[in-house]
Amino acid sequence: MKYVIFPEDVEEEDLQKIGGKGFNLAKMLKAGFPVPPCFFVTTDAYHKFLEDNDLKSKIIERISKINFSDVNSLIEASKEIKSWIIQSSVPEDVKKEIIEAYRKLAQSDIPDVDVGIIKGFREDLFVAVRSSAVTEDIGKASAAGQQETFLNIKGSLNVVESVKRCWASMFTPRAIYYRHQKNLPQDAGIGVVVQKMVNSEKSGVMFTLNPAKPKEANVIVIEAVFGLGETIVQGEVTPDMYIVDKESGKILEKNIGKKLWERVRDSSGKTIKREVPENKVEAQVLTDNEIVAIAAYGKKIEEYYRRPQDIEFAVERGKIYIVQSRPVTFLAEDVKQITETKEEKGKVLLRGIGVSPGIVTGKVKIIHNLSELKKIEKGDILVTEMTSPDYVPAMEKSAAIITDRGGLTCHAAIVSRELGIPCIVGTENATKVLKDDMIVTVDANHGVVYEGEIEIKKKEEERRVESVSLGEIITATHVKVNLAFPETATQEIAEKADGVGLLRIEHMLTKSGMHPIEYIRRGLKNELIRILEEGIGKVAEAFYPKPVWVRSLDARTDEFRHMQGGDKEPEEDNPMLGWHGIRRSVVETDILKCEFEAIKRLHERGLNNIGIMIPFVISVDELKKAKEVAREVGLPKDIKFGIMVETPACALTIEEFCEEGIDFISFGTNDLTQLTLGVDRNNENLIELFNPFHEAVLKQMKYVIDVCKDYGVETSICGEAGSNPKMAEILVEYGIDSISANIDALDKIRRTVARKEKEILLRVAKKIEEKE
């Protein structure tokens, strides 16, 4: 197909073809997250539509005439452009491919049926049709809420019409204005996601940090409502809000909202808004188990993208689906962290939820509808029931925003944080209590609105949340970085880290949509070697001469089942304890040979900073067999060879490995904790039992470090706990040689290590002094 693409066929270079939202969904599907099935209408289809209807130059000319300081000028241009698009016809070849793709998606929804055998087609699958602009959900341009989504669409012709309406939504007032403000092209293009509809009983939005307090990156904030998630985004109710500790999974706080309305699909298939039954208005939406499970997905998705995420989820019949994930972009801006003491407390007029920090005084302007936006002047306090995308030009003029409804993830909250202006939502009656031209002080740090001007002492500290400068902090314990994607091996990261303590190769091998083992089955060994040589080489070059430890393939049999060839993988009752890691590689040696061959070629190119690390080891025999394969391939003897310590068997027999001959070890704390405590780390019911700080886990790590010191073997950690400052302190005390952390934890771990080393030195100095 030329104008439609399915997720399994998406390549790394297809971002411009399907847009940010579609690209993220395809990546998450390939990574095994529970994303509903979908297909993408490409930007080629959009551009073909514009060309066939002679619209492209016409639209650009119309946008060039907009007075961006005049809201009405923007709204009028938007209406005109959208009407041109809606009244135009979709080219027949584009329409045909969309119809075929929808019917294929509908047929694949029938369980246990070969799609190719079905005669006829289905027209009864409900889908969501979502915009996916090229400038959306990527890097520093999240563009949340600018384009439209159409829910509960059924029938191929209705899908085609909804795709066209998505194209038209490329030119909503906010979308045009946002691109203008960000200097983004107005003709960049838009893809469309057509996704199987989740008939949500519950839904919501999750941030993998506290969006109102960006310094709180150790929590996950979840908001939830009954029915479809549009109710949250539109700010029509005050949702439940749950705060979860990111490390332990413990629920720290619950705030039950007043949920008067819900959106659901009625018996005819239409999306309707209805009153929530009285007994559910102030009932907890998500069960505690659902809160913990959703937070666990949030943590994994953040780890996958290696940056904070804004995630939408839905729950149907107890099953959790991830329907969207985008980067949290407001963190890229300069954030003012403000501490204050109020010298005089005035009369409190309102309380709500502070969702974008800051304190300002200004004149109130009540906005009841779009026609009143022209009332807003620079420095006013915009007060309304709830904002919509059309409010954005007026919001940018405002000193602060106050709304009656909404939560942390409503439109007003998201836009205020992007604009960097204070915002309080969920006050319930701001539009009634406040009056036009009143002078008020908005304290969005605490969610309070005061009458008049309140004198507040402020201590403002400008800082960049994404700052990576550490000055000249030098530590004896090396601080390395964990990487999964060669693209993340930037010069900046290479300068900050002392090497790569874990380079995963799974994502290099799976980005083509083919299961790694399938390359061997199809006789594509040379292609496999080329991919590995290219990916590993990119990282090794960026970090040279610093060490880069490459972990051999560790793909569980259920992880990439949806990829080409994945259906041939054996079915296992417990894949986590099954046929993966070195136990598989030394039996089916072809992939291991390809890995070693790629490293050999890189070594011959002068990249002698690459070390090999074999995973999930339980016996010295496995190490010996891996070395035999290395000799067969002709790996140079001076290449460093190490093992992951992820099993109690390996930890307790570490001396045998040292005697056999290894250059380094690295702790994999997730598996070591799981196997030591007998706790399934993916089971939300056991999350409180999963504790890498358990004495049994720490004792094994201390023992391994002590033994390795005796044999001159380097020790490190690359597991999740390596990004935890508390674990870093313990391991520095134990005498570990290096700690490998996730990218976003590098600064934090470097400072922690430096502080701990200084503490140890002072302690030793004090003892020497006492003896003297």
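These are my notebook entries on what I looked up in a predicted model of one chain.

**Ground rules.** I number residues from 1 along the chain as its sequence is written, and side-chain values use heavy atoms, with hydrogens and water left out. Because this is a predicted model, local features need pLDDT of at least 70 and side-chain atom pairs count only at pLDDT 80 or more, while totals for chains, interfaces and linings use all residues.

**Whole chain.** I counted 25 helices and 31 strands in the chain. Helices (H or I, at least four residues) and strands (E, at least two) are DSSP runs, numbered from the N terminus. Of the 772 residues, 57% are buried; buried means under 20% relative accessible area, exposed over 50%, and partly exposed in between (1.4 Å probe, protein chains only). I then looked at contacts with a separation of 6 or more, and 68% of them join residues 24 or more positions apart. Contact here means heavy atoms within 4.5 Å.

**Ala133.** I found Ala133 in strand β3 (residues 126–133). Its relative accessibility is 1%, so Ala133 counts as buried. The C-alpha atom of Gly22 lies 8.8 Å from that of Ala133, though the two residues are 111 residues apart along the chain.

**Helix α6.** I checked the length of α6 (residues 156–168): its 13 residues should span 18 Å at 1.5 Å a residue, and the end C-alpha atoms are 19 Å apart, which agrees. The expected span is 1.5 Å times one less than the number of residues. The buried residues of α6 include Ser156, Val159, Lys164 and Trp167.

**Helix α23.** I noted 17 residues in α23 and 25 Å from its first C-alpha to its last, close to the 24 Å expected. Among its buried residues are Val697, Gln700, Met701, Val704 and Cys708. Gly712 follows α23 and has a positive phi, near 70°.

**α22 against α23.** How close do the axes of α22 and α23 come? The axes of α22 (residues 669–677) and α23 (residues 695–711) come within 9 Å and cross at roughly 125°. Axes are lines fitted to C-alpha atoms, for helices over the stretch in contact, and angles run from 0 to 180 degrees between N-to-C directions. The two helices are therefore oblique to each other (under 35 degrees is roughly parallel, over 145 roughly antiparallel, 65 to 115 roughly perpendicular, the rest oblique). On the α22 side I listed Thr669, Leu672, Thr673 and Thr676, which meet Ala696, Val697, Gln700 and Met701 in α23. By class, this contact has 4 nonpolar, 4 polar and no charged residues (Ala, Val, Leu, Ile, Met, Phe, Trp, Tyr, Cys and Pro are nonpolar; Asp, Glu, Lys and Arg are charged; the others, Gly among them, are polar).
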